[in-house]
Amino acid sequence: MRSTILVFLTIFFLQGCYSFKGINIPTDVTTYFVDNFQNDAIGAPGDLHQRFTEGLRAKIRNESRLTYNEQNPDIEFSGRIVRFSITPESPQAGNTVALNKFEITVSVDYFNNKDESKNWKSKQFTFFRTFESDKDFISIQDALIDEIFKQLYENVFNEAFTGW
């Protein structure tokens, strides 16, 4: 009896959609493509868009069952980095600042070629990190970018595959 219920539940959950870690990808969606993102952000490092593109590709490859395919993919991502900024935060007496806010914004287009009702265009995702104003930004820039990108990948992934 118990094994019959287990078999029934397994079949029930495997029909229609693939679900793992909250991911909801229909079984007929098998391929993805991430086009090279553009860098439209003033003051951003020249390779920032390449780093974001490769990181998003890796996130999807490592956390879904989808296969990368440039020719007629089932889903496609494209977009651009639109903001790379540092702004002062936490003002102190004497016109000094204790913290700076480092922020990156990406604009993402998502095309689901199997279900166009799921498409979205120019959806912006923003994340930031603060750092002490007496730190040399150049020496911590790469680590901060990695932290911000990690969250941005997660946000884009969740929006595309979980609808959170």
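This is a predicted model: local features need pLDDT of at least 70, side-chain atom pairs count only at pLDDT 80 or more; totals for chains, interfaces and linings use all residues.

**Salt bridges and helix packing**

1. Asp142 is partly exposed, with a relative accessible area of 44%, where buried means under 20%, exposed over 50% and partly exposed in between, for a 1.4 Å probe and protein chains only.

2. Residues are numbered from 1 along each chain as its sequence is written, and side-chain values use heavy atoms, with hydrogens and water left out.

3. Arg51 and Asp142 form a salt bridge whose closest N and O atoms are 3.2 Å apart, the term meaning a side-chain nitrogen of Lys or Arg within 4 Å of a carboxyl oxygen of Asp or Glu. Because Arg51 lies in helix H2 and Asp142 in helix H3, the pair ties together parts that are 91 residues apart in sequence; helices (H or I, at least four residues) and strands (E, at least two) are DSSP runs, numbered from the N terminus. Salt bridges with shared partners join Arg51, Asp142 and Asp146 into one network.

4. Helix H2 (residues 48-63) packs against helix H3 (residues 137-161) at an angle of about 50°, with the axes 10 Å apart; the axes are lines fitted to C-alpha atoms, for helices over the stretch in contact, and angles run from 0 to 180 degrees between N-to-C directions. H2 and H3 are therefore oblique to each other, since angles under 35 degrees count as roughly parallel, over 145 as roughly antiparallel, 65 to 115 as roughly perpendicular and the rest as oblique.

5. Which residues of H2 meet H3? They are Leu48, Arg51, Phe52, Gly55, Leu56, Lys59, Ile60 and Glu63, and among the residues that they meet in H3 are Asp142, Asp146, Phe149 and Phe157, contact meaning heavy atoms within 4.5 Å.

6. Strand E8 (residues 120-132) is also linked to H3, through Lys123 in the strand and Glu159 in the helix, which are 36 residues apart. The side chains of Lys123 and Glu159 meet in a salt bridge at 2.7 Å, N to O, and Lys123 is partly exposed at 29% relative accessibility, as is Glu159 at 22%.

7. Arg129 and Glu147 form a salt bridge at 2.8 Å, N to O. Arg129 lies in strand E8 and Glu147 in helix H3, so this pair ties together parts 18 residues apart in sequence.
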